Amino acid sequence: METPLLILAPMDDVTDTVFRQVVQDCAPPDMTFTEFVNVDGLMSVGRARLLKKLRFVASEKNLVAQLWGLKPENFKAVAQQIADGSLARELGLPEGHNFVGVDLNMGCPAKSEVSHGACSALIENRPLAKEIIDATSEGLAGRLPLSVKTRVGFSHVDMSWIEFLLEQKLSMLIIHGRTRKEMSKVPANWDLIGEARELRDKLTVNTLIIGNGDVMSRQQAEELAAKYQLDGVMIGRGVFHDPYLFAQESPWESLAREDRLELYRKHVQLFADTWQNGERAVHTLNKFCKIYVNGFDGAKELREHLMAAESTNELLSILDESRQAQPTT
Ligand SMILES: Cc1cc2nc3c(=O)[nH]c(=O)nc-3n(C[C@H](O)[C@H](O)[C@H](O)COP(=O)(O)O)c2cc1C
């Protein structure tokens, strides 16, 4: 078995270009994903507002664009724009820089998407799921690989859904080991992900099988990949506990207060430089604060102070002051 692919999971309002760059600089994953972006919105007057979700910079490596929506013709159009590089040019990327693939979100359990029949609701609507996959493939025309990220069923475990997806000749299938009904309430079931890999082998298709759910370290990812003979593991919330999670040996646990604050400073500065036109509210940074401002005396008080800040300038000056201040122990 080759070394498993280790992939940073898409997380809406979290894995924007800024956080992906921070994680990549700490220790690069093999692949990263954009937040999910709605193709029906992209093909409407709302396009400009949604492009921020696809934004990336030339130094980002192996970025997959994740799409969701309802209208197959819009999947096709956006896939075409991604595959021919015109979307990357629209985002300001120089020639030669593009996404490395397209992923279809068929796993998001949120009511706002499911009530419209999108994302994980497609588990219950195979005709539309197939139309969407076919339309996207047509748009890509073999120029970029296509993957699907999904769950192991809607209201109950349904391996026939996985079998159906394996029949679609996808390059990669990312399986979150929970049903939609389970949301995030029970532990991910990795035995089912292992079953999906066995099914792939039985059907003799080339689709890479990537497992996802509750992985908290690189070592755990490698153990699960070996145990279930998977091609890779996708990790989301684990980076909230260790931004260096993708490193062979993470320095995070012993990283000094100053270095943690320096890393948050870098994140805030990059955020300020990237979203200069207020595309993202400063308060979206609050969900990151606990990652960095954690594990040292006075962290809670400092977090409270930082989370009340109204601008990136204010955040940067609080961070500068507290980095200079002597820690209490
Ligand atoms: C805040 C947040 C936002 C998410 N947004 C997306 C998304 O845009 N697309 C997607 O496929 N999954 C999304 N997910 C699900 C994650 O990609 C992942 O499947 C899930 O968190 C389980 O993996 P983990 O236990 O490693 O975090 C999101 C999860 C979280 C916590």
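Tutor: In this predicted model, the buried residues of helix H1 pack against strand E1 (5-8), strand E2 (31-38), helix H11 (238-241) and helix H12 (257-274). Helix H1 spans residues 17-26, and its buried residues are Thr17, Val18, Phe19, Arg20, Val22 and Val23.

The strands E1 and E2 that H1 meets belong to a barrel that 8 strands close in the order E1-E2-E3-E4-E5-E6-E7-E8, with parallel pairing. From one strand to the next, the twist averages 25 degrees. Helix H10 (residues 218-228) also packs on this sheet, where it touches E1, strand E7 (208-212) and strand E8 (232-235); the direction of H10 makes about 140 degrees with that of E8. Leu67 has Leu104 in E4 as its bridge partner.

H12, one of the helices against which H1 packs, has a further partner in helix H15 (residues 312-324): the two axes come within 10 Å and cross at roughly 160 degrees. Because angles over 145 degrees count as roughly antiparallel, H12 is roughly antiparallel to H15. Their crossing is left-handed. On the H12 side, the residues that meet H15 include Leu261, Tyr264, Val268 and Phe271; on the H15 side, Leu315, Leu316 and Leu319 are among them. By class, this contact has 8 nonpolar, 3 polar and 4 charged residues.

Technical notes:
Residues numbered from 1 in each chain as written. Predicted model: local features only at pLDDT ≥ 70, side-chain atom pairs only at ≥ 80, totals over all residues. Buried ≥ 20, exposed ≤ 12 C-beta atoms within 10 Å, placed from the backbone. Helix = DSSP H or I, 4+ residues; strand = E, 2+ residues; numbered from the N terminus. Contact = placed C-beta atoms within 7 Å. Pairing = 2+ DSSP bridges. Axes fitted to C-alpha atoms, helices over the stretch in contact; angles between N-to-C directions. Parallel < 35°, antiparallel > 145°, perpendicular 65-115°, else oblique. Left-handed = near helix turned anticlockwise from the far one by under 90°. Nonpolar A, V, L, I, M, F, W, Y, C, P; charged D, E, K, R; others polar.
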